[in-house]
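Subject: Model handover

Hello,

Here is the model I promised. Please look it over before reading my notes.

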Amino acid sequence: MSRTFSIIKPDATKRNITGAINKLIESGNLRIIAQKRLKMSKEQAEGFYDVHKEKPFFKDLVEYMISEPVIVQVLEGDDAIIKYRTIMGATNPDNAEEGTIRKLFALNIQENSVHGSDSDENAVKEIDYFFTKDEIVG
Ligand code: ATP
Ligand code: MG
């Protein structure tokens, strides 16, 4: 068993489709072992996406991430990181496989409904960024 970190992004909370997304997560054999709804601060969003700070889309990305509430989650399962990336689909919904969250729900390459960690190291870092140990209840 392993863990990954997920965000249901502002475009999805705004459209009231968080339940539909959680259904796909659970149908894909991942367990939501921690979850909370929050509105990110600018500093929090900038810190979270620090790896992209030199990218041309960084400023827009931060504005978008703080525009509406998000749901942050810890997901657990076999090969959780790769499994969730598969359930999510490609960053650009035009390239996403049928049945993936992004194919079904993403609006465009930026407003793409979900985030998932891309490595073990980042999963640990990202979980720590948003959750204390006692908030992860299994
Ligand atoms: P995430 O890290 O959110 O799970 P990802 O790993 O599929 O997504 P990244 O390359 O890490 O994609 O980009 C982080 C986020 O930045 C994307 O999910 C998207 O919201 C936004 N983004 C990425 N590329 C672009 C782009 N070319 N134009 C606008 N926004 C982009
Ligand atoms: Mg990424």
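Below are notes on the ligand site, then on a few single residues.

This is a predicted model: local features need pLDDT of at least 70, side-chain atom pairs count only at pLDDT 80 or more, and totals for chains, interfaces and linings use all residues. Residues are numbered from 1 along each chain as its sequence is written, chains are lettered from A and ligands numbered from 1 in the order written, and side-chain values use heavy atoms, without hydrogens or water.

**Ligand site**

Ligand 1 sits in the largest pocket. A pocket is an open set of points on a 1 Å grid over the protein atoms alone, where a 1.4 Å probe fits, with protein on both sides within 12 Å along at least five of seven lines. To sit there, more than half of the molecule's atoms must lie within 2 Å of the grid points. Helix H5 (80–88) and strand S4 (114–116) are the elements that give two or more residues to the shell. Elements are DSSP runs, helices (H or I) of at least four residues and strands (E) of at least two, numbered from the N terminus.

The shell holds 14 residues, and the closest are Lys 9, Tyr 49, Thr 91, Gln 110 and His 115. A shell residue has a heavy atom within 4 Å of the ligand. By class, five are nonpolar, six polar and three charged.

- The side chain of His 52 places a polar atom 2.9 Å from a ligand 1 oxygen.
- The backbone of Gln 110 has a polar atom 2.8 Å from an oxygen of ligand 1.
- An N or O atom in the His 115 side chain is 2.8 Å from a ligand 1 oxygen.

Alone, ligand 1 exposes 580 Å², and the protein buries 80% of that. Areas are Shrake-Rupley values with a 1.4 Å probe.

**Single residues**

His 115 belongs to strand S4. His 115 is buried, at 10% relative accessible area. Buried means under 20%, exposed over 50%, partly exposed in between.

Gln 73 lies in strand S3 (residues 70–77). Gln 73 is buried too, at 0%. Its side chain makes polar contacts of 2.7 Å with the side chains of Asn 22 and Gln 35.

Most residues other than glycine have a negative phi. Asn 29 has a positive phi of about 70°, and Ser 113 one of about 75°. Asn 29 is exposed at 58%, whereas Ser 113 is buried at 0%.

Best wishes

Note on methods:
Polar contact = N/O pair within 3.5 Å; in protein donor to acceptor, adjacent residues only side chain to side chain. 1 Å grid on protein atoms, 1.4 Å probe; cavity = no way out; pocket = protein on both sides within 12 Å on 5 of 7 lines; lining within 4 Å. Nonpolar A, V, L, I, M, F, W, Y, C, P; charged D, E, K, R; others polar. Buried < 20%, exposed > 50% of the residue type's maximum accessible area, 1.4 Å probe, protein only.
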